Amino acid sequence: MILLENTRLYATHPEVIARALQRWFLRIDPLERDQEHGFVLILDVRNRVKVVDVISIGILNASILHPREVYRRAITLGAASIVIAHNHPSGDCTPSDEDCQITNLLVEAGRVVGIELLDHIIFSRKEFYSFREQHHI
């Protein structure tokens, strides 16, 4: 489900992306905020966000980010790179073991298809965690 298209948002820093997603999240139904949502941001060669795609809506503590779904629209739209993001309804942005595993899998998938995964951002209402900033990508 495409959330945003042809934005003026540039992925210059993880905080820019996290704050934009946090603002959007405040506008949705409070019951939906209790579910994890997985996003892929499709970027052009200048790191402008062309599309924000909601690729999964999970449950309280899990969301599925499968490489096939993550890269499907990115390949179709000729993405230069992508950023993935998901929320943690608990408010704790510490990555789980599963978050680390899927990040590594998506980095490898990106190498295969030629679309670099620039970052994986976990966000809550007030904070965020960037795999890139923490040198995990």
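This report describes the nonpolar cores, the first helix and the aromatic ring pairs of a predicted model.

The largest nonpolar core holds 20 residues, and those touching the most other members are Ile 17, Leu 21, Phe 39, Leu 41, Leu 43 and Val 83. At least two residues of this core come from each of helix H1 (14–26), strand E2 (37–43), strand E3 (49–57), strand E4 (81–87) and strand E5 (116–123), with H1 giving the largest share, 6 residues. Beyond its neighbours within four places in sequence, Val 83 is in contact with several residues, including Ile 17, Phe 39, Leu 43, Leu 117 and Ile 121. A second, separate core has 17 residues, among them Val 51, Ile 55, Leu 65 and Ala 74.

Helix H1 has 13 residues, which at 1.5 Å a residue should span 18 Å, and this agrees with its end C-alpha atoms being 18 Å apart. Its buried residues include Ile 17, Leu 21, Trp 24 and Phe 25.

| Ring pair | Distance of centres | Angle of planes | Kind |
|---|---|---|---|
| Phe 25 and Phe 123 | 5.6 Å | 90° | edge-to-face |
| Phe 39 and Phe 123 | 6.1 Å | 40° | tilted |

Because Phe 25 lies in helix H1 and Phe 123 in strand E5, their pair ties together parts that are 98 residues apart in sequence. The pair of Phe 39, in strand E2, with Phe 123, in strand E5, also links distant parts of the chain, 84 residues apart. Phe 39 counts as buried at 0% relative accessibility, and Phe 123 is buried with a relative accessible area of 1%. Through ring pairs, Trp 24, Phe 25, Phe 39 and Phe 123 are linked into a cluster.

Methods
Residues numbered from 1 in each chain as written. Predicted model: local features only at pLDDT ≥ 70, side-chain atom pairs only at ≥ 80, totals over all residues. Heavy atoms only, no water. Core = buried A, V, L, I, M, F, W, Y, C linked by side-chain atoms within 4.5 Å. Buried < 20%, exposed > 50% of the residue type's maximum accessible area, 1.4 Å probe, protein only. Helix = DSSP H or I, 4+ residues; strand = E, 2+ residues; numbered from the N terminus. Contact = heavy atoms within 4.5 Å. Expected span 1.5 Å × (residues − 1). Phe/Tyr/Trp six-rings, centres within 6.5 Å; stacked < 30°, edge-to-face > 60°.
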